[in-house]
Structure formats: structure tokens, C-alpha cells
Amino acid sequence: MALRRLVVSWVLAGAVLGCAASASQAAKDAATSASGLPIPRYVSLKSDHVNVRAGPTKDNDVAWVYTRSGLPVEITAEYENWRRVRDSEGAEGWVYHSLLSGRRTAVVTMKSKDELAPLYDSASASSAVAARLQAGVVTQVKRCAQGWCRVIGTGFDGWIQQERLWGVYADEKVD
């Protein structure tokens, strides 16, 4: 009987310690997710010189350098102060968090490089066409709702169908 109580005590103690260890591990994991923001999410490059590394430390080699501020990238993972990003062409690497901005930008995408994306005066395909944008044009996203985004850039300001942009999720609302 005493042996049975001892075994039950060990089992209960193990369960309590296991729960504590799980809670401790969960807290540790939450702390290493760094920002607490959702993943994935879109951001933009803050600088016109951003080193992209093979891994999340300065000891890792620079794989390439972005040379255009405002370019949209998608954060796909976080490790301490490092963010794994993917660009519109699918290239991935690690960038230090301070080189990224929460400012929303997007790249115009088209099925054919020769095709132009219409930019409308309002969020309706029946409104007047304000401009036509080439694939690859980087825009600043002001807001998105119901499948339309208001975008601005050098020499243009108008509404574009959300599906024509890389840098906002389908049906994402941006304010």
C-alpha cells in the first residue's frame, strides 16, 4: 500500500513538473518570437542598402544586398532580432529587424510583362482610368478594402484591383 502511494506521488509529481516544464517552454518560445506580430506579414525595406544573410546572425555570409528602399517583403519567420523575408521573386534570406519598416508598399504584378494594370479614379472598374502601370512598379499602399487598394507613387494616385499587387494578401483590409 505504501509503495502504491509512493508510485502515485511520483506520477503526480511528474505530471506537475511536466506541466510546469511545458508552460516554461511555451513562455520561452513566446519570448523568442520577438515581435509578437503575426507571421507571415508584409513590410517594406527601410534603407536603400539592406544586407540579406544566409542565417539569422551577423556571422552568416551576406547572400545579396537589396538596393531599393520601400521594396515590399514578406516576413516568414522571426529569430530574436532577425526576420526571414521573401521578396516578390521568391528569394528568401535573413534581415536585421531595424532595416525593415511597417510602411506598406506593393509591387504591381501582371500575367504578361507587356500588359499594363489600369489605375482607376475610384474603387470601381467603371470609373475613369487615371493611369496604367507596368509590372514591377512599386507603390505605396494607402488602404485596401473589398478587393481594391488605393496606391500612390511618383506621378500617380488611384485605385487598383487588389489581385494585381504583391505586398497585400487577398481580401486583406489595410487602413
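Two strands pair if DSSP finds at least two bridges between them. Helices (H or I, at least four residues) and strands (E, at least two) are DSSP runs, numbered from the N terminus. This is a predicted model, in which local features need pLDDT of at least 70, side-chain atom pairs count only at pLDDT 80 or more, and totals for chains, interfaces and linings use all residues. Residues are numbered from 1 along each chain as its sequence is written, and side-chain values use heavy atoms, with hydrogens and water left out.

**Strand 8 and its partners**

- Strand 8 pairs with strand 11 in the antiparallel sense, over three bridges.
- Strand 8 also pairs with strand 14 (residues 165-166), again antiparallel, over two bridges.
- Val107 stands opposite Val138 in strand 11 and opposite Trp166 in strand 14.
- Thr105 and Val107 point one way from strand 8, Ala106 and Val108 the other way, and all are buried. Buried means under 20% relative accessible area, exposed over 50%, and partly exposed in between (1.4 Å probe, protein chains only).
- In a regular strand the side chains alternate between the two faces of the sheet.

**Nonpolar cores**

- A nonpolar core is a set of buried Ala, Val, Leu, Ile, Met, Phe, Trp, Tyr and Cys residues joined through side-chain atoms within 4.5 Å.
- The largest such core has 16 residues, and Val151, Ile160 and Leu165 have the most contacts inside it.
- Elements giving two or more residues to this core are strand 8 (105-108), strand 9 (116-120), strand 10 (129-134), strand 11 (138-145), strand 12 (148-153) and strand 13 (156-161).
- Apart from it lies another core, of 13 residues, among them Val43, Tyr66, Ile75 and Leu100.
- Val151 touches residues including Leu119, Val141, Phe156, Ile160 and Leu165, not counting residues up to four places away in sequence. Contact means heavy atoms within 4.5 Å.

**Disulfide**

- A disulfide is a pair of cysteine sulfur atoms within 2.5 Å. By this rule the count is one.
- The disulfide joins Cys144 to Cys149, S to S 2.0 Å.
- The torsion about its S-S bond is about 110°, so the disulfide is right-handed.
- Cys144 is buried at a relative accessible area of 1%, and Cys149 is buried at 0%.

**Thr76**

- Thr76 is found in strand 4 (residues 72-79) and is buried, with a relative accessible area of 16%.
- Its side chain makes a polar contact with the side chain of Glu92 (3.3 Å). A polar contact is a pair of N or O atoms within 3.5 Å; within protein, one must be able to donate a hydrogen and the other to accept it, and residues adjacent in sequence count only if both atoms are side-chain atoms.
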